[in-house]
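User: I'm new to this structure and would like a careful walk through it. Could we start with the terms and then look at the parts?

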Amino acid sequence: MKVVMAVTNDLLTDRRVLRHAEALREGGCEVECIGRKELGVKARRGWRFYAEYNIRLLWRLLRSRADVVWANDTDTLAACWTAAKLKGKRLVMDAHELFPEVPELIGRERVKRVWEWIERRMMPGCDGMLTVCQSIADYYKERYGVEMVVVRNLSGGAPRFEDKEKGMMLYQGAVNKGRGVDWAIDALEWLEDCRLVVAGEGDLLEEMKEYAKAKPWAKRVEFLGRVMPEELERLTPKAEVGLVMLEDMGMSYHFALPNRIGDFVAAGVPMVVSDLPEMVAVVRKYGVGEVIEETGGKKLAEAVRRVMAREWREEDFDEARKDMDWNKEKKKLMGIVKSVEC
């Protein structure tokens with residue numbers, strides 16, 4: 001069976017999509033991944049980007065011999081749904097987030113309504129659906145009556161526990177609105193013996209570089225830019241503290257369960273997370289970090305100090321690792337494929 005997966009990014013650092021593709025190949029599927037570079041999309045952002053992307057994707061899918069069309073997020077759904085219906089193929093939808101509720105759409109009601117219309121019209125026609133956490137699954141069940149399988153964002157590699165670099169705080173992920181990178185920079189005012197490593201790029205990367213440059217402690221902030229998955233696997237276990245902060249800006253962030261939660265657990269890195277339900281549930285259930293209940297650098301610094309005051313051992317992560325096992329998630333993923341087999 002051939003599965004064609006579509007995503008609007010360039011695929012290089014989308015570990016969820018790459019991990020799913022690898023798991024499906026291990027399960028005997030032929031998998032093709034299509035990102036914006038594969039389609040040669042020229043527009044960079046806004047409605048022109050999404051229009052060009054979906055037109056090019058639809059044309060590509062109509063010429064494909066795919067048995068299953070796999071839409072990653074709502075922004076690929078229009079083309080995937082249309083191609084699947086026209087060709088009589090199976091359609092799977094993977095919701096990585098509550099797309100119409102992302103911070104970038106706050107206050108843009110017309111644009112939000114377009115994405116909501118696409119979801120309302122097309123999600124009930126999917127043959128299989130999955131998402132990253134139970135909160136999002138419950139939201140879509142209530143809103144559209146659809147059933148989603150929860151396949152969590154977990155590390156696919158073997159657990160690694162290494163000697164930590166004293167004072168190293170690691171932020172990994174997109175440098176976008178509401179991600180708390182500015183809090184992490186500010187926190188260094190109260191953490192004189194710490195440094196911050198930011199692994200990732202995004203809309204606010206240059207702005208955050210300038211923000212850090214203006215601080216007296218600018219030399220203790222390092223921006224790595226885009227980091228490939230294999231490099232990140234080597235970097236993550238070295239951190240003394242992992243940072244997973246999100247501002248409560250819309251339901252997409254409110255219900256988020258970022259990839260890096262699983263990465264930090266696998267690498268034995270205690271973390272500081274925002275007071276949002278899915279992240280708090282992991283940290284408090286397994287005791288693998290601290291929760292920052294208020295925003296801002298000073299509160300973040302206090303939480304980092306609490307983490308650093310404890311002597312962490314590899315066995316402190318055993319319970320979390322046992323439950324947050326990618327091999328369990330892979331079985332659910334293959335179950336979805338088998339359920340839509342032609």
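Analyst: A residue is called buried when its relative accessible area is under 20%, exposed when it is over 50%, and partly exposed in between, with a 1.4 Å probe and protein chains only. This is a predicted model, in which local features need pLDDT of at least 70 and side-chain atom pairs count only at pLDDT 80 or more, while totals for chains, interfaces and linings use all residues. Residues are numbered from 1 along each chain as its sequence is written, and side-chain values use heavy atoms, with hydrogens and water left out.

User: Okay, so is W183 buried or exposed?

Analyst: W183 counts as buried, because its relative accessibility is 7%. W183 lies in helix α7, residues 181–187, where helices (H or I, at least four residues) and strands (E, at least two) are DSSP runs numbered from the N terminus.

User: And which residues does W183 touch?

Analyst: Leaving out residues up to four places away in sequence, W183 touches M245, L246, E247, S274, T295, G296, G297 and L300; contact here means heavy atoms within 4.5 Å. R90, by contrast, is 93 residues from W183 in sequence and 44 Å from W183 in space, C-alpha to C-alpha.

User: L300 is in that list, so what else does L300 touch?

Analyst: With the residues up to four places away again not counted, L300 touches W183, A184, A187, L243, M245, V272 and I292. L300 is also one of the residues that touch the most other members of the largest nonpolar core, which has 128 residues, and L24, W70, L77, Y140, L196 and L243 are in that group as well. A nonpolar core is a set of buried Ala, Val, Leu, Ile, Met, Phe, Trp, Tyr and Cys residues joined through side-chain atoms within 4.5 Å. In soluble globular proteins, nonpolar side chains tend to be buried together.

User: Switching to the sheet, what is the strand order?

Analyst: The order is β2-β1-β3-β4-β5-β6, in an open sheet of six strands with parallel pairing. The edge strands are β2 (30–34) and β6 (149–150), each of which pairs on one side only. Two strands count as paired if DSSP finds at least two bridges between them.

User: How many bridges join β4 and β5?

Analyst: Strand β4 (residues 90–95) pairs with β5 in the parallel sense over four bridges. The bridge partner of M93 in β5 is M129, and that of A95 is T131.

User: Which way do the residues of β5 point?

Analyst: In strand β5 (residues 128–131), G128 and L130 point one way while M129 and T131 point the other way, and all of them are buried. In a regular strand the side chains alternate between the two faces of the sheet.

User: Now the charges: how many salt bridges does the structure hold?

Analyst: The structure holds 32 salt bridges, where a salt bridge is a side-chain nitrogen of Lys or Arg within 4 Å of a carboxyl oxygen of Asp or Glu. One of them joins E30 and K2, with the closest N and O atoms 4.0 Å apart. That pair links distant parts of the chain, since E30 is in strand β2 and K2 is in strand β1 (residues 2–6), 28 residues apart. E30 is partly exposed, with a relative accessible area of 36%, whereas K2 counts as buried at 10%. K2 and E30 also belong to a network of salt bridges that links them with E32, R60 and R65.

User: What about K213 and E210, where do they sit?

Analyst: K213 and E210 are three residues apart in helix α8 (residues 205–213), so they are separated by about one helical turn. They form a salt bridge in which the closest N and O atoms are 3.3 Å apart. K213 counts as exposed at 58% relative accessibility, and E210 is partly exposed at 49%.

User: Last one, which residues of helix α12 are buried?

Analyst: In helix α12 (residues 277–286), the buried residues are E278, M279, V280, V282, V283 and Y286. They pack against several elements, among them α6 (134–144), β10 (241–244) and α11 (259–267). Just after α12, G287 takes a positive phi of about 65°.
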